[in-house]
Amino acid sequence: MKKGRLRVLLGAAPGVGKTYAMLEEGARLKHEGKDIVVAVVETHGRAFTAALLDGQEVLPRKVVSHRGIELTEMDLDALIARHPDVALVDELAHTNAPGSQNEKRWQDVQSILDAGIDVISTVNVQHIESLRDVVEQITGAPQRETIPDSVLRAADQIEVIDLAPQSLRDRLAEGHVYPANRIDAALSNYFRLGNLTALRELALLWLADEVDIALKAYRTEKGIDSKWEARERVVVALTGGPEGETLIRRGARIAARSAGGELIAVHITSQDGLADAFPGALAAQRALTEKLGGTYHQVIGDDIPRALVDFAKGANATQLVIGVSRRSRAAAAFSGPGTAATVIRESGNIDVHIVNHAAAGGRFALPHLGGALTIRRRIIGFVVALVGGPLVTAGLFAFRSADSISADVLGFQLLVVGVALIGGIWPALFAAVLSGLTLDFLFVKPYLSITIASPLHFLTLVLYVLNALLVSYVVDQAARRTRLALRAQGESQLLATITGSVFRGQDALEALVTRTREAFALKGVRLLVGDEVIFLDGDTDGEPVASIPAGERGTLELFGGDLQASERRLLSVIAAQIDAALEYRDLSETAKEIGPLTENDRMRSALLAAVGHDLRRPLAAATAAVTGLRSRGMKWSEGDRDELLATAQESLESLSALVTNLLDVSRLQAGSLAVSAFSIDVADVVLPALDELGLGPGDVELDLPSDLPPIVADPGLLQRVIVNLLDNAKRFSPPEHRVRVSASTFAGSVEIRIVDEGPGIPDDRRNEIFVPFQRLGDTDNLTGLGLGLALSKGFTEGMGGTLEAEETPGGGLSMVISLPANENKDRG
């Protein structure tokens, strides 16, 4: 039986229209004559979605009983028995009720496909298993229902149902996604504009990656090796030399010429890992690549040009950027055309850019003859030459004949090769010259003289010496590479150990000092900043053998042991890391010191500005009322007199409250009245605030979940903030609408929302309400009784929270107080 085809509609968030699109497609296919069955659909009470079910066959659900509760699920057996052409199965990541045939709905879909039925299904990006952690970081909401990536990738067709984030928020605010009682919480939590934008990007990137994978698979299956310019991909080849930054920037400019251009940097390392590259330069070039929006890759291959071309073709590159060779013309004449010519020849349809740079075509220099072997091995090599020469001579002289010259040459050649293997180039050269003279003196006619009668014998002797030199050079280079490999391995292990220690929670400075002493077999290591000992490890008595500057602030002193030049180079890298760690420590300490001062300054500024605003108006009103009452030329009626006295009383009460607040916060600024923040329940603050304002159920609608975690706040300050916000909300709400007070959790915080349905505030003026002297049209004398939104914001931020204004769906203003939740739920 032919297996069915799976088509998945992928959405960035609930409400983008996946189910609607699925039902629309079902109606279209039915109109074309296909046999369509709606196997299971979740309309979530959305009238527009439910309307699309009219005229479509909906499969009755199967009732599953679990612990006395009846649940409904898709009837898998009935659907397979019905065997339509296409089945519409909503919510692919759904978890079936216990006792169902399969645990997950996607497993049901696999059975439907095996039965030869095509399936159209839906899923949101937050349900993809590989993106689960990323989505939780973005939204703060953990996902319990997921679908394996392999299942989704196996789909025959995946398409994104896309909707702009603001359009989705508008749809939500209009009540097309959730019922009215869930709109506020949804808009302020999961459906934040930033969250939706990030989820949309995540869905599009995931699908783009899947398209790339499918494209590569198709090209591989069809044996297509040529480039397909679906988008500009620029591969930049890095050698680790100083020209790398020039090449990266050129590649970035090329990639930026077309929309969606991609920058890819690659470094080819030989199999032995001993390519002539500078790790520091490569690290800087990698950072630059990532800064420019590109990706960095490292590939291993002996044939560097071919490995580079293979990588470029595998990445479907359209452009390849390489640098002009740093070799001199003389070196190129002896060693051939080089990497660039081979890359151009093998690149096929990929455009190759050869970029000139300052390091191109270096000057001619003689090869360095300094060996990589130790002095001890060289001495042993000379000793073997001096001792082995007479012994070989004696052995060969005993069997000397007119026809033994070839054997004599090979015997001495064996001696030279052995000396080269032991001592390198200089002992081998000494052995070659010494054995050459011996051959001429004792084994080449005329004997007992250094005269060479035959030109052929002279050529043999010259070739013999050259052969010895070449063998000794190869041995010396092998020894050099071995030592470099061991050194690189040791340095990598040291840096990896230090990094691992920091990741495991060890202090960075402690890890650097301790691992330095262990790696270089030192008696002790001491880190100083000025004359202060920051950290020491081991025995630091006596004078240090070396002092390594760690930036401008620190000094790393080493005790015991001798350091080679290569070890000092690695120590300079460690010193740079120590300098960075010291700078981070200093910045952290400075931030801790400045934090309280900044907080106090913010509180003081907000207080003085708000009081300066609130103080003048009631004082002026009271002064005017009293002056009028004392005026001898005015005759007041009893009603006018009472009104003036009431105005004076209200203004004086307002002044009393303001002075009280001023004294309290002044003590706070002086340090004698600290913010007393501890774990409290939201209800323990909200209810007293309602009592203070005399608001009851007819005025305020409360929604405080029973499982709401406690918050960390100062109850007195928080109550003042809530009283002020409630007073404003009640004043601006229409009489027929109640103020809503709700609370919910989001990303480790608790959000208290005070929502009114009044006239609201225009978007361009929403931030002005937190600026002192801004009342946006308030003129009555009672406004002085509040602390002002500027002061409320300062108090909230002083408790480690935030106060923001948002638009109420349908009109109005929502004030959102966000305070840290107490995760361990301790009280008091």
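Mentor: A crossing of two helices is called right-handed if the near helix is turned clockwise from the far one by less than a right angle, and left-handed if the turn is anticlockwise. Helices (H or I, at least four residues) and strands (E, at least two) are DSSP runs, numbered from the N terminus. The model is predicted, so local features need pLDDT of at least 70 and side-chain atom pairs count only at pLDDT 80 or more, while totals for chains, interfaces and linings use all residues. Residues are numbered from 1 along each chain as its sequence is written, and side-chain values use heavy atoms, with hydrogens and water left out.

The part to look at is a helix pair. Two packed helices are described by the angle between their axes and the distance between the axes. Here helix H16 (residues 405–423) packs on helix H17 (residues 425–443) at an angle of about 165 degrees, and their axes are 8 Å apart. H16 is therefore roughly antiparallel to H17. Axes are lines fitted to C-alpha atoms, for helices over the stretch in contact, and angles run from 0 to 180 degrees between N-to-C directions. Under 35 degrees counts as roughly parallel, over 145 as roughly antiparallel, 65 to 115 as roughly perpendicular, and the rest as oblique. The crossing of H16 and H17 is right-handed. Contact means heavy atoms within 4.5 Å. On the H16 side, the residues that meet H17 are Ile405, Asp408, Val409, Phe412, Val416, Val419, Ala420 and Gly423. Their counterparts in H17 are Ile425, Pro427, Ala428, Ala431, Ala432, Ser435, Thr438, Leu439 and Phe443.

Now the setting. The protein chain has 24 helices and 23 strands. Of its 828 residues, 41% count as buried, where buried means under 20% relative accessible area, exposed over 50%, and partly exposed in between (1.4 Å probe, protein chains only). Among contacts between residues at least 6 apart in sequence, 70% join residues at least 24 apart.

Another helix, H22 (residues 683–693), shows how burial is arranged around an axis. Its buried residues are Val685, Val686, Ala689 and Leu690. They cover an arc of only 130 degrees around the axis, so they lie on the same side of H22; the arc is that of the directions from the helix axis to the C-beta atoms. The face turned away from the buried side of H22 carries the exposed residues Asp684, Asp691 and Glu692. The buried residues of H22 pack against strand S17 (678–680), strand S18 (700–703), helix H23 (715–732) and strand S20 (739–746). After H22 comes Gly694, with a positive phi near 70 degrees.

Salt bridges also join parts of the chain. A salt bridge is a side-chain nitrogen of Lys or Arg within 4 Å of a carboxyl oxygen of Asp or Glu, and the structure holds 23 of them. In one of these, the closest N and O atoms of Asp114 and Lys3 are 3.9 Å apart. Asp114 lies in helix H4 (residues 105–114) and Lys3 in the segment before strand S1 (6–11), so this pair ties together parts 111 residues apart in sequence. Asp114 is partly exposed at 48% relative accessibility, and Lys3 is partly exposed at 46%.

Arg82 takes part in two of the bridges described here. With Asp35, the closest N and O atoms are 2.7 Å apart. Because Asp35 is in the loop between helix H1 (18–31) and strand S2 (36–40) and Arg82 is in helix H3 (residues 76–82), the pair ties together parts 47 residues apart in sequence. With Glu57, the N to O distance is 2.8 Å.

Last, two backbone details. Most residues other than glycine have a negative phi. His44, in the loop between S2 and H2, has a positive phi near 55 degrees. Glu91, in the loop between strand S5 (86–89) and H4, has a positive phi of about 55 degrees. His44 counts as partly exposed at 46% relative accessibility, and Glu91 as partly exposed at 26%.
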